[in-house]
Amino acid sequence: TTAVVDNREVGVAVDDAAHLDAEGALIGFTAPAALGEGGVGLAVTGGSSATITSSAIVNNEVSGVVAEGASVQITAHGLLVEGTQPQSSTGDCGRGLEVGEGASVTLVGSALVANHDSALMAAGATVTIAGSLIEKTESSLEGAGRGLDAQAGARLTLSASALLENRDIAVAAYGPGTSVTLEGDLIRGTRGQSTDGSHGGGAYGWDGAELRLIDCAIVDNHE
């Protein structure tokens with residue numbers, strides 16, 4: 001096992017059209033730099049790519065994984081992203097994965113557990129998730145605690161997966177051009193935000209987004 005732990009700003013950075021292969025790796029406990037910036041476990045930017053197998057990205061601050069920019073691709077099998085904490089100075093964020101600006105992420109047989117704000121946020125990006133668990137996302141200081149948050153024209157597909165005991169909204173799709181398809185998924189036990197108890201819904205689509213549900217079970221949620 002390769003362990004990259006107790007670093008500052010970024011645990012592992014992949015940039016400038018580079019490629020990362022990670023198998024059996026641990027990336028964790030990344031803290032912000034002295035000026036309060038960063039705290040990201042893995043950052044893939046600048047047209048780079050990453051293939052991740054049987055690895056864990058845990059207990060980072062602000063974001064577990066950031067994938068940002070056109071041509072950026074991450075493919076992960078057996079990835080655990082757990083316990084991402086909000087920024088200590090502001091109480092914001094704490095997301096498991098942030099995918100934006102044309103990046104593409106595929107997760108298979110993976111788990112996003114006990115992160116904050118959103119287990120996965122996609123903005124103007126493409127995300128495919130299969131056979132995975134998204135569980136117990138908690139609110140940040142500003143609220144939320146969503147399992148999946150798709151916005152700004154994101155395209156997200158989730159299949160044969162479970163979203164359990166998240167907060168606010170288990171699956172949120174909003175904004176023109178945003179498309180979310182759920183097939184064969186279980187959404188259960190969504191709770192209200194810890195900040196004020198509001199919401200607690202299973203799947204919401206609004207503001208011009210498209211939300212498709214195929215053979216899904218959405219049970220024991222709130223609101």
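Two residues are in contact when heavy atoms of theirs come within 4.5 Å of each other. You're looking at a predicted model, where local features need pLDDT of at least 70, side-chain atom pairs count only at pLDDT 80 or more, and totals for chains, interfaces and linings use all residues. Residues are numbered from 1 along each chain as its sequence is written, and side-chain values use heavy atoms, with hydrogens and water left out.

Let's begin with the whole chain. It has 23 strands and 0 helices; both are DSSP runs numbered from the N terminus, with helices (H or I) needing at least four residues and strands (E) at least two. Its C-alpha atoms fill a box of roughly 40 × 35 × 30 Å along the principal axes.

Now, what's inside and what's outside? A residue is called buried under 20% relative accessible area, exposed over 50%, and partly exposed in between, using a 1.4 Å probe and protein chains only. By that rule, 50% of the 223 residues are buried. The accessible surface, from the Shrake-Rupley method with a 1.4 Å probe, comes to about 8,900 Å², and 48% of it belongs to carbon and sulfur atoms. As for who touches whom, take the contacts between residues at least 6 apart in sequence: 63% of them join residues at least 24 apart.

Time to zoom in on strand E12, residues 118–123. Of its 6 residues, 5 are buried, so the strand is mostly covered. Which strands does E12 pair with? Two strands pair if DSSP finds at least two bridges between them. Strand E9 (residues 95–100) runs parallel to E12 and is joined to it by 4 bridges. Strand E15 (residues 146–151) pairs with E12 in the parallel sense too, over 5 bridges. You can follow this through Ala122: it is the bridge partner of Val99, and its own partner in E15 is Ala150. In a regular strand, side chains alternate between the two faces of the sheet.

Ser118 also lies in E12. Is Ser118 buried or exposed? It counts as buried because its relative accessible area is 1%. Leaving aside neighbours within four places in sequence, Ser118 is in contact with Arg95, Gly96, Thr137, Arg146, Gly147 and Asp149.

The loops are worth a visit as well. Ser110 sits between strand E10 (104–108) and strand E11 (111–113), and it counts as buried because its relative accessibility is 6%. Beyond neighbours within four places in sequence, the contacts of Ser110 include Ala76, His77 and Gly131. Compare Asp6, in the loop between strand E1 (2–5) and strand E2 (10–14). At 59% relative accessibility, Asp6 is exposed. Still, Asp6 touches Gly28 and Phe29, not counting residues up to four places away in sequence. Asp6 and Phe29 are 23 residues apart in sequence but 5.0 Å apart in space, C-alpha to C-alpha.

Finally, look at some backbone angles. Most residues other than glycine have a negative phi. Cys93, though not a glycine, has a positive phi of about 65 degrees. Cys93 lies in the loop between strand E8 (73–82) and E9 and is partly exposed, because its relative accessible area is 21%. Asp215 isn't a glycine either, and has a positive phi of about 50 degrees. You'll find Asp215 in the loop between strand E22 (210–214) and strand E23 (217–219), where it is exposed, with a relative accessible area of 68%.
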